[in-house]
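Here are a few notes to go with the model, jotted down while looking it over. Have it open as you read.

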Amino acid sequence: MLLRSALLSVAILMVAGAQTGNMATVAARYTGDANKLIDAAMKDDTALNRLEYLCYRIGNRLSGSPALEEAVKWSAAEMTRAGLSNVRTIPVKVPHWVRGAESAEMLEPAHKPLFMLGLGNSSATAAGGITAEVVTVSSFNELEQLGRAKLEGKIVLYDVPFTTYSETVLYRSSGASRAAHLGAVAVLVRSVTPRSLRDPHTGSLSYGATDPKIPGAAISVEDAIWIHRLTASGVPVKVHLEMQAHFQAEADSADVMGEITGSKYPDEVVVIGGHLDSWDVGQGAHDDGGGVMAALGAAALMKQLGLHPARTVRVVFWVNEENGARGGAAYKAWAGDQVAKHIAAIEMDGGAEKPVGFDLFAGSGPGRDAAGIRNKAVAIGSLLKRIEADSVTEGKGETDIAPLMNAGVPAFGLRTVMTKYWDYHHTQADTFDKIVPEEFRQCVATMAVMSYVLADWPK
Ligand SMILES: [Zn+2]
């Protein structure tokens, strides 16, 4: 027992000692460079101007749309203009889902339009639409309890208040198949958001292999509450839903990348980026135009300041995050054996609000020095204290870097205060005017400092 606690003390001292070393390295080698990056990010608006162009001149960019392909070409040109090396595209075949005309209206007890957006990947209604009575449930449990006898031929409304995104989004993503399994003909889903100004939020659904692929649409929180009030008090509600959503043939698209080649270890890579595609509503400003433009802005500042990291900083704009995640898989396939030389992957995909730091999945298992990576990240994070972006917490990775993470690459997600992100997420309101310039500049600074120091860290 005594020996064990003595060994434990030694281990704790060693870890503490390593961290003292990390902090000393950071302070001595990187305080000056980090401050230069932060100062430049806070006064250079090239990145913000690029985001404005993407939003107002190209607009939303769903996989398969001409706008996404325009964004791919423009992004490659912007990377070249920013002075990045090895600018190229990686071909990706993407699904091409088209929303088509759509509407929903209440027919009984009153004739009123509903504020709706079809869910991504949804099938269409039959020509002329579906008219059916609505059954409201607040959970999958309630759905199962009602069973086929009460659900056959009905439209199911999931009126589930927002708890966390990962919990509530299950109703959007799997609600259609679970209701179809019990005989429902369509689903309406309360928008996945904690607050609402009667704005519906789209997002993808995915169908199970065996149940009928019934159409699914999001309705505004207000409309969901309204219908629920009526059905709960025994008033029958009848809704007419019409959707022409469909898939076209898969389309050609591409991830876009460019880099600052490492000065000492060019084949070791820190990859940073976000996703270039968006939903087909709003402008994809917070989701995820801000992420891609902050990543490019970070690398562009290193170039501009003459900072040459020892390892390569590679900027990647992934495509098809929203309805297929093909871009993340394509990048990993393209990188092949080089994945083993990826030091870290950093994705920004939580909106461009005020950053607080990073979520980190440092990996586990043999050969992985998770504690070492975490300690380095914490030490580097301390350089961001002056803009209050120094927090490093445990994370689960992000969609586009998940393939790298699953192959053992430490995965960082930029984390923000997220006070308004879910208000705009996947809506017509995700537009450039919702970007607060000062906060976006801080995102650029945060991406720049973490990626530069990780890439330059002494062997
Ligand atoms: Zn996103």
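**Notes on a helix and a strand residue**

1. Isoleucine 90 is part of strand E1, which covers residues 85-98. Keep in mind that we're looking at a predicted model here.

2. Is isoleucine 90 buried, exposed or something in between? It counts as partly exposed, because it has 18 C-beta neighbours inside 10 Å, and the cut-off for buried is 20 or more.

3. Which residues does isoleucine 90 touch, if you skip those up to four places away in sequence? Ala254, Asp255 and Met257 make up part of the list, along with Ala330, Tyr331 and Trp334. For alanine 254, the C-alpha sits 5.1 Å from that of isoleucine 90, although 164 residues separate the two along the chain.

4. Now over to helix H2, residues 46-58. From first C-alpha to last, its 13 residues reach 17 Å, close to the expected 18 Å.

5. On the buried list for H2 you'll find Ala47, Leu48, Arg50, Leu51, Leu54, Cys55 and Ile58. They span an arc of only 160° around the axis, so they end up on the same side of H2.

Key
Residues numbered from 1 in each chain as written. Predicted model: local features only at pLDDT ≥ 70, side-chain atom pairs only at ≥ 80, totals over all residues. Helix = DSSP H or I, 4+ residues; strand = E, 2+ residues; numbered from the N terminus. Expected span 1.5 Å × (residues − 1). Buried ≥ 20, exposed ≤ 12 C-beta atoms within 10 Å, placed from the backbone. Arc of directions from axis to C-beta. Contact = placed C-beta atoms within 7 Å.
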